[in-house]
Amino acid sequence: MTLRVPMDEALHWSQVPEGVGEGVWIQVIQKMEEVYNDLLQYEVALEEKNAALEASQRFIESVLGSMSDILLVSGRDGAIEDVNHSLVKLTGRSEQELRGQPVAELFADAASREQATRILVRPGGDPVHDLELQLRAADGSAIPVSLNGTPRHGPTGRVLGMVVTGRPVGELRRAYDGLREAHEKLKRAQQQLVHAEKMASLGRLVAGVAHELNNPISFVLGNVYSLQRYTARLARYLGAVHRGAPPAELAALRAELRIDRVIEDLQPLIEGTIEGAERTRAIVDGLKRFSAVDREERRRFDLTAVVRSAIHWVAKAAKTNFEVELHLPPALELEGSPGQLQQVLMNLVQNAHDATAAQPAPRLEVAARVEGGAAVLEFHDNGPGIEPENLPRLFDPFFTTKPVGKGTGLGLAISYGIVERHGGALSAANHPRGGALFTLRLPLAAAPGAATDGGAGG
Ligand SMILES: Nc1ncnc2c1ncn2[C@@H]1O[C@H](COP(=O)(O)OP(=O)(O)OP(=O)(O)O)[C@@H](O)[C@H]1O
Ligand SMILES: [Mg+2]
């Protein structure tokens, strides 16, 4: 700072005219004193301002120095104007080395350098958010950093360059990768578990089927062996008849071969064989419902007929004193697949039958009503009900509490899907008066007309 003395007041020895009186000198000295005082005041003010400036400089430096994020200021030409301590530490290059270098020089690979030039140092550019680039570290390795940039404006609003901050994302990235890997592993483990569970239940299914088939097949086989023996005896006897053997010989042979017994036995043997074969077929039919997805088309049908048919089939196979009480409206017209819904209903009735098997008077009450454009069917049995801890798992595939050969645990899981595809809902609960309560809700067909056919195929 220079001190300016107003020219009109400045005096110089050479300017003092000769023969000037004492008064003038006094004036001059007074003026000089004034000027000197001014000078002193200016100097004090200057020192104060200097101290304030230094303090604020130190403050800014300490802030920048202790910032863990990296910071750089670039000029319009894309050259580095200033950097903070974190960037110096990360790059291993001093402030002096970095200043004046193109910003792109900081990065490890060509792609990052290209992006830095294109996105980070555009004068007048927009702010940049979370731009991930590879910074070149002190040891030459690449450090992924996430950068944010803001344009820096001068007093006239002109863009002077950019202020860029950022932080290494390596740790975060590694943590994220670790998390993703763990998640993948977990998913694989879960798939394996589901698969293992399926295989186990397939094993149970096969064991059950084998067990169930064993009985009818062995008595069909026993009957066929008997028939084979009988055929031999009959052939021998008929041989004698055709040969024209005398009556006495025929009578003796008839007694010896017990021909009358054989003839009496034939009918029950054949009936038993047919029954055995039919049971085998029934078991195979039952199996089919687990494997085949019913591709039956949607059509209009009366649900009450399907309910009756389902109860009929289960009761027929039950051979117990299982009693079903029905409260059905005359018709419930629905649109969908009667075959699939029969499967749902049969499983509900069969489950009630199984659950009440130990009761002295096993009973199921089926009540249907129309509510808000839907048919609502309730199945309430007098069995022991459902264990509360089993309630959330009831509709899981393969969840069963039945012994091997009795249930696969697929009934309710398959039913749930079928009911959902029909736009309905199936739920399970315990009835306040005891026993299980299953509620089936299915939307009625759009335009109600007269119920047409029964629609329940076998
Ligand atoms: N009415 C009921 N009372 C008590 N428990 C029931 C009743 N209905 C179903 N459950 C329970 O729900 C389980 C699952 O039923 P779901 O119909 O899915 O399979 P399952 O009957 O065991 O075998 P599947 O139907 O494949 O032959 C049954 O094992 C039983 O524990
Ligand atoms: Mg079942």
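The model is a predicted one, in which local features need pLDDT of at least 70 and side-chain atom pairs count only at pLDDT 80 or more, while totals for chains, interfaces and linings use all residues. Residues are numbered from 1 along each chain as its sequence is written, chains are lettered from A and ligands numbered from 1 in the order in which they are written, and side-chain values use heavy atoms, with hydrogens and water left out.

**The chain as a whole**

- The protein chain holds 10 helices and 12 strands; helices (H or I, at least four residues) and strands (E, at least two) are DSSP runs, numbered from the N terminus.
- Of its 458 residues, 32% count as buried. Buried means under 20% relative accessible area, exposed means over 50%, and partly exposed lies in between (1.4 Å probe, protein chains only).
- Take the contacts between residues at least 6 apart in sequence: 62% of them join residues at least 24 apart. A contact here means heavy atoms within 4.5 Å.

**Meet helix α9**

- Helix α9 covers residues 338-355. Its 18 residues reach 25 Å from first C-alpha to last, close to the 26 Å expected at 1.5 Å a residue. The expected span is 1.5 Å times one less than the number of residues.
- How many of the 18 residues of α9 are buried? The count is 14, so α9 is largely enclosed by the rest of the structure.

**How α8 packs on α9**

- Two packed helices are described by the angle between their axes and the distance between the axes.
- For helix α8 (residues 303-318) and α9, the axes come within 8 Å and cross at roughly 45°. Axes are lines fitted to C-alpha atoms, for helices over the stretch in contact, and angles run from 0 to 180 degrees between N-to-C directions.
- The pair α8 and α9 is therefore oblique. Angles under 35 degrees count as roughly parallel, over 145 as roughly antiparallel, 65 to 115 as roughly perpendicular and the rest as oblique.
- The crossing of α8 past α9 is right-handed. Looking at a crossing, call it left-handed if the near helix is turned anticlockwise from the far one by less than a right angle, and right-handed if clockwise.
- On the α8 side, the contact residues include L303, V306, V307 and W313, and on the α9 side they include P338, L341, L345 and H353.
- By class, this α8 and α9 contact has 13 nonpolar, four polar and no charged residues. Ala, Val, Leu, Ile, Met, Phe, Trp, Tyr, Cys and Pro count as nonpolar, Asp, Glu, Lys and Arg as charged, and the others, Gly among them, as polar.
- The buried residues of α8 include L303, T304, V306 and V307.
- The end C-alpha atoms of α8 are 22 Å apart, which agrees with the 22 Å its 16 residues should span.

**How α10 packs on α9**

- The axes of α9 and helix α10 (residues 411-421) come within 9 Å and cross at roughly 140°, so this pair is oblique too.
- Is the crossing of α9 past α10 left-handed or right-handed? It is left-handed.
- Among the buried residues of α10 are G411, L412 and I418.

**Around the loops**

- A358 sits in the loop between α9 and β9 (363-371) and is exposed, at 75% relative accessible area.
- A358 and G383 are 25 residues apart along the chain, yet their C-alpha atoms are separated by 7.9 Å.
- N382 lies in the loop between β10 (374-381) and α10 and is partly exposed, at 28%.
- Beyond its neighbours within four places in sequence, N382 is in contact with T356, Q359, A361, P362 and R363.

**Positive phi angles**

- Most residues other than glycine have a negative phi.
- D130, in strand β3 (residues 128-136), has a positive phi of about 45° although it is not a glycine. D130 is exposed, at 57%.
- R258, in the loop between α6 (247-256) and α7 (259-291), has a positive phi of about 50° and is partly exposed, at 48%.
- G423, which follows α10, has a positive phi near 75°.
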